[in-house]
Amino acid sequence: MSFIPGSLGFDEFGTPFIIIKDQHKQRRLTGIDALKSHIMAARSIAKTLYTSLGPKGLDKMMVSSDGEVTVTNDGATILNLMDVDHEIAKLMVQLSQSQDNEIGDGTTGVVVIAGALLEQAEHLLDQGIHPIRIADGFELAAQSACKHLDSIADSFPVDINNLEPLIKTAMTTLGSKIVNKCHRQMAEIAVNAVIAVADFDKRDVNFELIKVQGKEGGRLEDTMLVKGVVVDKDFSHPQMPKELRNVHLAVLTCPFEPPKPKTKYKLDVASVEDYRALRQFEQDTFNDMVKKVKDAGATLAICQWGFDDEANHLLLKHELPAVRWVGGPEIELIAIATGGRIIPRFEEVSKEKLGYAGKVSELSFGTTKDKMLVIEECKNSRAVTIFIRGGNKMIIEEAKRSIHDALCVVRNLVQDNRIVYGGGAAEISCGIAVSTEADKISSIEQYAYRAFADALESVPLALAENSGLSPIDTLTQVRARQIKENNPALGIDCMLVGTNDMKEQNVIETLHSKKQQIILAAQLVKMILKIDDVRVPGENFD
């Protein structure tokens, strides 16, 4: 009877019943009450992000428990920093995170769509429709919407000799970000970075070759793309040269220090001669290490570990510039960029394992004399660094997130060059198509189809509202024009340019991103609608 979650009892008629342990200490929600609770929690999360959607979306200030301030309108970042307790609200956070991991963009839109779907589901539940029928209807409607997206998608030219279309797409992504004052510059940097590392034969982009480095001070306009690696370090000795040409690099993960036994040991120095012998041994070891590196032909040593002043002095004396305490990921990137091999022991240093860079220079910033190393003209020109400048740490962090979104969008276009038009145009077109499809269905799922179509219109409604337009009037006019002109590129004129044609405004989104938003939102809503019983420990549960 060990499988019974409690003890077995019998009433006066001999009928068995189970006494569940600590039942009085547990909270339980069942049926419609559980569904309503879940829907309310998810909608509250979606409502938080509603005002952040689109180019005129507002930013949110998130303050952590230790007082660290983050200002952003990136959906995934906002939800990650929110202190969420409700189980369903946590699912919304994960939804946004999965969109960010897979696509890199559309993290706010996917949550807004999911919130709108749950709102529509609540109305259907109030009408007495079973949650499973609603969930199935939503899933079929999502498939219908994705088929319609395939039919209205345009092919997008990805041409190395003409980057203008890619730049305009990246500008769409950056339109709602804090970096939009140097809109075009950031878009060009993102496009050039992706094109530099892209493998067009395999239609793939290796993001590990793109490093994003920030430095406080200066203006956002000072942000630049470095065809090489930027390291937040300087030469180990102030008297070492500040610029090197035709550099042969030894990338070392072994420290410049005498060898130590791996077991616990004790060293007794009984006399002055013993001390002098020990000191001489250390000096000979240092000399031997430097000699091995120099004999291999190295003109710069990049070391993962530190070394003391004596080793530093010997390196200067032997005219071997060095950089110490370079982190693991940076060491790997330097090795890839320069075509060198990471060397774990001095005995393995050889000419074949050295990397090459045309120029290594030390940059100095402002009055604080902060220094950074720039390794350029590398053997493998596919490794690049985006070097971001900004007035404070908060702006740099938000600029990094913005650049990441733009990089992801350009990467998605390299992988799949089909696009749809933004500004809510794709959602309105899908809403019309799904609504038309609903008229052909005789079963009860037609209600779910129409609800799905209404939910999709939450995106253009949010865009219009956040841009200071009348939401219902604007959506009605654009929807009517789409049906009349049969033009799926008509959307919300958020920037008040004077035209609703997103093709003219170059407001472009990748097909993959838009389909992913609809599919993920529908899957999450289906999962929430299938939960009808929740048991959680009460507050006094010990």
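A search of the whole structure finds zero disulfides, a disulfide being a pair of cysteine sulfur atoms within 2.5 Å. Cys146 is accordingly in no disulfide, and the nearest cysteine sulfur, that of Cys430, is 7.5 Å away. With a relative accessibility of 9%, Cys146 counts as buried, where buried means under 20% relative accessible area, exposed means over 50%, and partly exposed lies in between (1.4 Å probe, protein chains only). Cys408 is also buried, at a relative accessible area of 3%.

The model is predicted, so that local features need pLDDT of at least 70 and side-chain atom pairs count only at pLDDT 80 or more, while totals for chains, interfaces and linings use all residues. Residues are numbered from 1 along each chain as its sequence is written, and side-chain values use heavy atoms, with hydrogens and water left out.

The interior was examined in terms of nonpolar cores, each a set of buried Ala, Val, Leu, Ile, Met, Phe, Trp, Tyr and Cys residues joined through side-chain atoms within 4.5 Å. The largest nonpolar core has 70 residues, and those with the most contacts inside it are Met92, Phe138 and Phe452. Helix H4 (residues 107-126) contributes the largest share of this core, 10 residues; helices (H or I, at least four residues) and strands (E, at least two) are DSSP runs, numbered from the N terminus. Apart from this core lies another, of 44 residues, among them Phe235, Val290, Val293 and Val360. When neighbours within four places in sequence are left aside, Phe452 is in contact (heavy atoms within 4.5 Å) with Leu117, Phe138, Ala141, Ala142, Ala145, Val434, Ile518 and Ala522.

Several helices were considered in turn. Helix H6 (residues 164-174) has as buried residues Pro165, Leu166, Ile167, Thr169, Ala170, Thr173 and Leu174, and what covers them includes H7, H11 and E20. Helix H7 (residues 183-197) has 15 residues and reaches 22 Å from its first C-alpha to its last, close to the 21 Å expected at 1.5 Å a residue, the expected span being 1.5 Å times one less than the number of residues. The buried residues of H7 are Met186, Ala187, Ile189, Ala190, Val191, Ala193, Val194, Ile195, Ala196 and Val197. For helix H11 (residues 393-415), the 23 residues should span 33 Å at 1.5 Å a residue, which agrees with the 33 Å between its end C-alpha atoms. The N-terminal end of H11 is capped by Asn392, a side-chain oxygen of which lies 3.2 Å from the backbone nitrogen of Met394. In helix H3 (residues 87-102) is found Glu87, which counts as partly exposed at 44% relative accessibility. Glu87 is 111 residues from Ala198 in sequence and 40 Å from Ala198 in space, C-alpha to C-alpha.

Turning to the strands, E9 (residues 210-216) is mostly covered, with five of its seven residues buried. Seven bridges join E9 to strand E18 (residues 384-390), and the two run parallel; two strands are taken to pair if DSSP finds at least two bridges between them. Within this pairing, Val384 of E18 is the bridge partner of Ile210. Leu209 is found in the loop between strand E8 (204-205) and E9 and is buried, with a relative accessible area of 6%. Not counting residues up to four places away in sequence, Leu209 touches Val197, Leu333, Ile336, Arg382, Ala383 and Val384. Leu209 and Ala480, by contrast, are 271 residues apart in sequence and 47 Å apart in space, C-alpha to C-alpha.

An open sheet of three strands, with antiparallel pairing, has the order E6-E19-E20. Its edge strands are E6 (154-155) and E20 (508-510), each of which pairs on one side only. Two bridges join E6 to strand E19 (residues 418-421) in an antiparallel arrangement, and the bridge partner of Ser155 in E19 is Arg418.

Glu377, in strand E17 (residues 370-378), has a positive phi, near 55 degrees, and counts as partly exposed at 46% relative accessibility. Leu496, in the loop between helix H15 (471-485) and helix H16 (502-505), likewise has a positive phi near 55 degrees, and is exposed, with a relative accessible area of 53%.

Methods
A polar contact is a pair of N or O atoms within 3.5 Å; within protein, one must be able to donate a hydrogen and the other to accept it, and residues adjacent in sequence count only if both atoms are side-chain atoms.
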